[in-house]
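User: I'd like to learn how to read the strands, helices, cores and ring pairs in a model like this one. Can you take me through them?

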Amino acid sequence: MRTTSPLLHGMRATETITPPHTAAELAALLGLLRAQRPRIGTVTIGHSRDAVSTAAAAAFADAWEGEILAVVDWPEEAASWLRPARRFTAGPPDAWVVAGIPLGWAQMSRRLRHSTGWRPTRTFGFASVTRSAALAGPGTLRGLRGAAFDGGTWEIGPGLITFFPPRTGRGPSPDDRAVTAYGPYGDRFRGAGATEAWAPGQGRR
């Protein structure tokens, strides 16, 4: 177990407003969880304490047809996120679902990786949590997946976030394979397929 503190020192919450979630985003998030094998039956929901994140978490809870083990919230600034981290990982559930604004979720995820058995590969998020990737640090959120505002999906990889467009009823096409990937500092490029990758200092590979 790591002994150094996971806290991000010298940072304060300056962005406390995120856009409300969309119906397409909620539908895509539910679709991601329902498509998982083995089947996801139990979830724990986590969210920041702002009104938008709280509303997104409540909307997911209302729509989820399986069991909800717990709903856990956390602050944007605190001396330690250990207490909510332990509540978040109690159970444990089949999957975690997250809505949050950048700094608080970055701090929470660092505490989760440092002090619990939480796995980002079993975690699914609303669009808002993608902005925590750079703050959380290399590898902290790798494998976390979620839904975008337009009903597309995304996945956090090694040094990148790859966005996939919404699925359509007409089957796959070259346009459906287009992705946009953002590096942790806002670098952006477009490409075809999920094989495009961004690496710090290297651009597209």
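User: Which residue in β7 is the bridge partner of Glu155?

Analyst: Two strands pair if DSSP finds at least two bridges between them. Helices (H or I, at least four residues) and strands (E, at least two) are DSSP runs, numbered from the N terminus. Here, in this predicted model, Thr162 of β7 is the bridge partner of Glu155. β6 and β7 (residues 160-164) run antiparallel and are joined by 5 bridges. They form a hairpin with 2 residues between them, and Gly159 in the turn has a positive phi of about 85°.

User: What about β5 and β6, how many bridges do they share?

Analyst: β5 (residues 145-147) pairs with β6 in the antiparallel sense over 3 bridges. Thr153 in β6 is the bridge partner of Ala147. This hairpin has 5 residues between the strands, and Gly151 takes a positive phi near 95°.

User: Before we go on, what are the ground rules?

Analyst: Numbering starts from 1 along each chain as its sequence is written, and side-chain values use heavy atoms, with hydrogens and water left out. As this is a predicted model, local features need pLDDT of at least 70 and side-chain atom pairs count only at pLDDT 80 or more, while totals for chains, interfaces and linings use all residues.

User: How do I read the ring pairs?

Analyst: Rings of Phe, Tyr and Trp (its six-membered ring) pair if their centres lie within 6.5 Å; planes under 30 degrees apart are stacked, over 60 edge-to-face, the rest tilted. That rule gives 6 aromatic pairs. Phe60 and Trp64 are stacked, at 5.6 Å centre to centre with 15° between the planes. Phe60 is buried at 0% relative accessible area, and Trp64 is buried at 9%. Trp74 and Phe88 have centres 6.1 Å apart and planes at 85°, so they're edge-to-face. That pair links distant parts of the chain, strand β2 and helix α3, 14 residues apart. Ring pairs also link Trp74, Phe88, Trp96, Trp105 and Trp118 into a cluster.

User: Last one: which residues touch the most other members of the largest nonpolar core?

Analyst: In soluble globular proteins, nonpolar side chains tend to be buried together. A nonpolar core is a set of buried Ala, Val, Leu, Ile, Met, Phe, Trp, Tyr and Cys residues joined through side-chain atoms within 4.5 Å. The largest has 21 residues, and Phe88, Trp105, Met108, Trp118 and Leu144 touch the most other members. α4 gives the most to this core, with 4 residues. Apart from it lies another core of 20 residues, among them Leu32, Phe124, Phe126 and Ala147.

Note on methods:
Buried means under 20% relative accessible area, exposed over 50%, partly exposed in between (1.4 Å probe, protein chains only).
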